[in-house]
Amino acid sequence: MRLVIIGPPGAGKGTQAKFIQGQFGIPQISTGDILRKAASDHTVLGDKASVFVQAGKLVPDDLTLDMVTERLSADDCTKGYILDGFPRTVPQAKGLETWLKGLGSQLDRVLYLNVPEEALIQRLAGRRTCRGCGTLYHLVFDPPRQPGICDDCRRELYQREDDRGNIITARLETYKAQTVPLIKFYRERGLLTEIDGVERAGKVKDQVFESLV
Ligand code: AP5
């Protein structure tokens, strides 16, 4: 199963991708996670990308497309994958489509998580992530048992740099300008399933799983 999850920042793409990965045994490929790792390792890609990420802008299409097609060529992707945060522009979507066509393949489904802006800001501002295992928490909706510490691996939780103040606003603007056109793009191809992402994460998961059977 080759899936894409699209939706605004904080819609729950990562949360739902992890549920799907657990249920269907296919890897979650988050371009945001790959870029953050590259930035913390100070690779050439990471240093180039962090300027855009910290401004709430998109990393240039050619960099992300190369990065994703390389990742999709790995052995663990042969049975499928969940693309979380890619594509994010129509040129990225066309690039992916062409690349897959070259392999005689195509996407099976695109899930669009629809969440209104006021909920997004609250979700982003309260998100905390484990430095060790990457588990996601929320200060209000899904708090850890012990403040600041991961329930699973006991490592420290951190707040993403881009989950603060005006970077959140910039990310939401970028989404409206550059990613919203993808909804039409995939709807026209008959691939889009819209999911109401407002309910709590477990209820959204039920809708997601229902749409995948
Ligand atoms: P990325 O890391 O992909 O950020 P994003 O798309 O802005 O999405 P988020 O990770 O912020 O949110 P999410 O939808 O995954 O929500 P989550 O499940 O964590 O990208 C970061 C940056 O990298 C971009 O801004 C860009 O610069 C660059 N980049 C990445 N991909 C790129 C690309 N393809 N092209 C160019 N540049 C790219 O949930 C959020 C919080 O809400 C959590 O605390 C969670 O616990 C909570 N939550 C989740 N679901 C619910 C629910 N149903 N109810 C209540 N709380 C919930």
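At what angle do the axes of α2 and helix α4 cross, and within what distance do they come? In this predicted model, the two axes cross at roughly 105° and come within 11 Å. Angles of 65 to 115 degrees count as roughly perpendicular. Helices α2 and α4 are therefore roughly perpendicular to each other. On the α2 side, the contact is made by Thr31, Ile34 and Leu35. Helix α4, which spans residues 61-72, contributes Met67, Val68 and Arg71. By class, this contact of α2 with α4 has four nonpolar residues, one polar and one charged.

In total, 36 residues surround the ligand. The closest are Thr15, Lys57, Arg88, Arg127 and Arg171. Sorted by class, the shell has 14 nonpolar, eleven polar and eleven charged residues.

An N or O atom in the side chain of Arg88 is 2.5 Å from an oxygen atom of the ligand. At Lys57, a backbone N or O atom lies 2.6 Å from a ligand oxygen atom. Glu199 places a backbone N or O atom 2.8 Å from a nitrogen atom of the ligand. On its own, the ligand has 1,000 Å² of accessible area, and the protein covers 96% of this. Two or more residues of the shell come from each of α1 (13-24), α2 (31-40), α6 (117-126), β6 (136-138) and α9 (201-212).

Note on methods:
Residues numbered from 1 in each chain as written. Predicted model: local features only at pLDDT ≥ 70, side-chain atom pairs only at ≥ 80, totals over all residues. Heavy atoms only, no water. Near = heavy atom within 4 Å. Polar contact = N/O pair within 3.5 Å; in protein donor to acceptor, adjacent residues only side chain to side chain. Areas by Shrake-Rupley, 256 points an atom, 1.4 Å probe, with all protein chains shown as cover. Helix = DSSP H or I, 4+ residues; strand = E, 2+ residues; numbered from the N terminus. Nonpolar A, V, L, I, M, F, W, Y, C, P; charged D, E, K, R; others polar. Axes fitted to C-alpha atoms, helices over the stretch in contact; angles between N-to-C directions. Parallel < 35°, antiparallel > 145°, perpendicular 65-115°, else oblique. Contact = heavy atoms within 4.5 Å.
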